[in-house]
Amino acid sequence: MDKRLASLINDYLQAVRTALTLMQKSGISLPHTSMEWIETDLSHLSSLNDGIDYFKHGAGCWVELPDGRVDFDFGRLAEISGLDAWRLVRFAAERQESYGFATDKELYECFDDAIKKKLLVPLATNLYRLSSEPVEYASSIDSRNCGDLLPHRELDKVLTLQTHYFYAADLMLKQHDSLEKKWDKNKKLSRDDEINFRIYMSSWLGFLAVTCEGYRQLNMYMLLNNDRPADYQELIPGCNRLNSAIKKHYDDLRKFRNNVFHLRTSVNDTLAFLSPDADRLSWARSIHKDLKSFFSEYRVLCECHYMFNGRQTEADIGRKKNDYSHLIIRHSRAEYTAMCIDFRCAYPAVCPPNAPRQNCIQNWAFFVHDVRDHAL
C-alpha cells in the first residue's frame, strides 16, 4: 500500500479508538450492532468528559478530539475498522496534514487504487477495511484505568464461561426439573415430554461438563489470585473446594458430554455415568449449585467494581426500570455510600443497620440481582 495512505489510515483508526475510549469513559455504552447504536438515546449527555463535543448521527458519531475532529460509522456488527476516502480527506484537513498528497483528488485516486489491488476490502455499505488486518469491534475498546486488573466485561473469560455455557446448563436443568415435577404429580409423561425430558437431562449434563472444563482450563485459583483485584481473593476458598469436588467424577462427565455433543458409537459411557450405584447425578447437582453460587458471587464483585471505578456502563444494575435504577445509576463513591445508607433504612431485612458499609453495598447488589432474576 502507498505509504502516505497507510500512514493516514493508521492515524485515523487510532483516533477512532481514542474517541471510542473517551465515549466509554464518559458513560456511553458502546453498541453490539449498528442498529443498536441508531436506537441509542444520548439526549441526556450534552458533551463528553472534559467538555469535549460530540455528535451522534445515524450509524456513527463525530468527536472533537484535542488535535481535530474524527468522524466514523459503526459496521453492521459494530465493527470499528471501517473507513472511506471522504472521511480520510476530512480527517487530514482537520489536522492540517497533507500526508504527502498534493490534492484531495490524488488521495481519492490512491484510495481507489488500494481497492482495485484488494488492499482495502468492503466492510459495509460505503465502508472499507484493511485486508491485512483483523476486524476490530466496539467490544474491543478497553477504557480501564491504569492498574485496573478486572477486564472489560466483554473480555472477561469468567463471565464468558457463565454467559455462554453455564446459563445453558442452568436453563436445561430448570426445564428438566419442571418435567420431573410433572412426572411426580401425574405418575407419567406424554411421549413428547419423555423425549424432552431426555434432551433436557443430556443437554444439562453436556453444558455442565463444558462449564467444568472451562473452569479448570482458566486455572481459577491462579486467575483470582494474580489477575483480579484483591477483593476477588475472598472467592478462593470456595474456588478450591469446587476444584476438589469437580475432580471426583469429572472424567466420567467428560465422557458423557462427548456422547451428547458427538455422534456416539457406544452407549457404555452414558449408561456408566447414569448408573444409580455411583450416584453421579447427585454429584452433578451439587457441582451445578456450587458453580451457580461462584458465578453469582463473582458477578456481584464485578458490579461493585464497575460502580466504584468509573465503569458504570458495564454494570447490569440500573439498566432496567424495574431493578431499582433510581438507587444506582451513575454516581460517585460518596453518593453510592449515601445511597447505601438509604438502602439500609428502606430494606433492613437485606442490610441490617449495624452492617459494615462495604458489606451493605454487596448485600444491596445481591438484592438487586435477586430481584432481576425473579423478574425474568
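The model is predicted. Its open sheet has 3 strands in the order 1-2-3, paired antiparallel. The largest nonpolar core holds 44 residues, and another core, of 43 residues, lies apart from it.

**The sheet and its strands**

- The edges of the sheet are strand 1 (54-57) and strand 3 (68-73), each of which pairs on one side only.
- Neighbouring strands of the sheet are turned by 10 degrees against each other on average, direction ignored.
- Strand 1 is joined to strand 2 by 4 bridges, and the two run antiparallel. Within this pair, phenylalanine 55 stands opposite tryptophan 62 of strand 2.
- A hairpin with 2 residues between its strands is formed by strand 1 and strand 2. In its turn, glycine 58 has a positive phi of about 45 degrees.
- Strand 2 (residues 60-65) is joined to strand 3 by 6 bridges, and this pair also runs antiparallel.
- Glycine 60 has aspartate 73 as its bridge partner in strand 3, valine 63 has valine 70, and glutamate 64 has arginine 69.
- Strand 2 and strand 3 likewise form a hairpin, with 2 residues between them.

**How the sheet is covered**

  - Helix 1 (residues 3-25) touches strand 2 and strand 3, and its direction makes about 90 degrees with that of strand 3.
  - Helix 3 (residues 85-94) touches strand 1, strand 2 and strand 3, and its direction makes about 165 degrees with that of strand 3.

- Helix 8 (residues 236-247) has 12 residues. From its first C-alpha to its last it reaches 17 Å, close to the 16 Å expected at 1.5 Å a residue.
- The buried residues of this helix are Ile236, Cys239, Leu242 and Ile246. Seen down the axis of helix 8, its buried residues fall within an arc of 115 degrees, so they line one face of the helix.

**The nonpolar cores**

- In the largest nonpolar core, the residues that touch the most other members are Trp204, Tyr215, Met220, Leu224, Leu291, Phe294 and Tyr298.
- At least two residues of this core come from each of helix 5 (157-186), helix 6, helix 7, helix 8, helix 9 and helix 11. Helix 11 supplies the largest share, 10 residues.
- Phenylalanine 294 shows how such contacts link parts of the chain. Leaving aside residues up to four places away in sequence, it touches Val158, Tyr215, Met220, Leu224, Leu235 and Leu242.
- The separate core of 43 residues includes Ala19, Leu22, Leu88 and Leu130.

Methods. Residues numbered from 1 in each chain as written. Predicted model: local features only at pLDDT ≥ 70, side-chain atom pairs only at ≥ 80, totals over all residues. Heavy atoms only, no water. Pairing = 2+ DSSP bridges. Axes fitted to C-alpha atoms, helices over the stretch in contact; angles between N-to-C directions. Contact = heavy atoms within 4.5 Å. Expected span 1.5 Å × (residues − 1). Buried < 20%, exposed > 50% of the residue type's maximum accessible area, 1.4 Å probe, protein only. Arc of directions from axis to C-beta. Core = buried A, V, L, I, M, F, W, Y, C linked by side-chain atoms within 4.5 Å.
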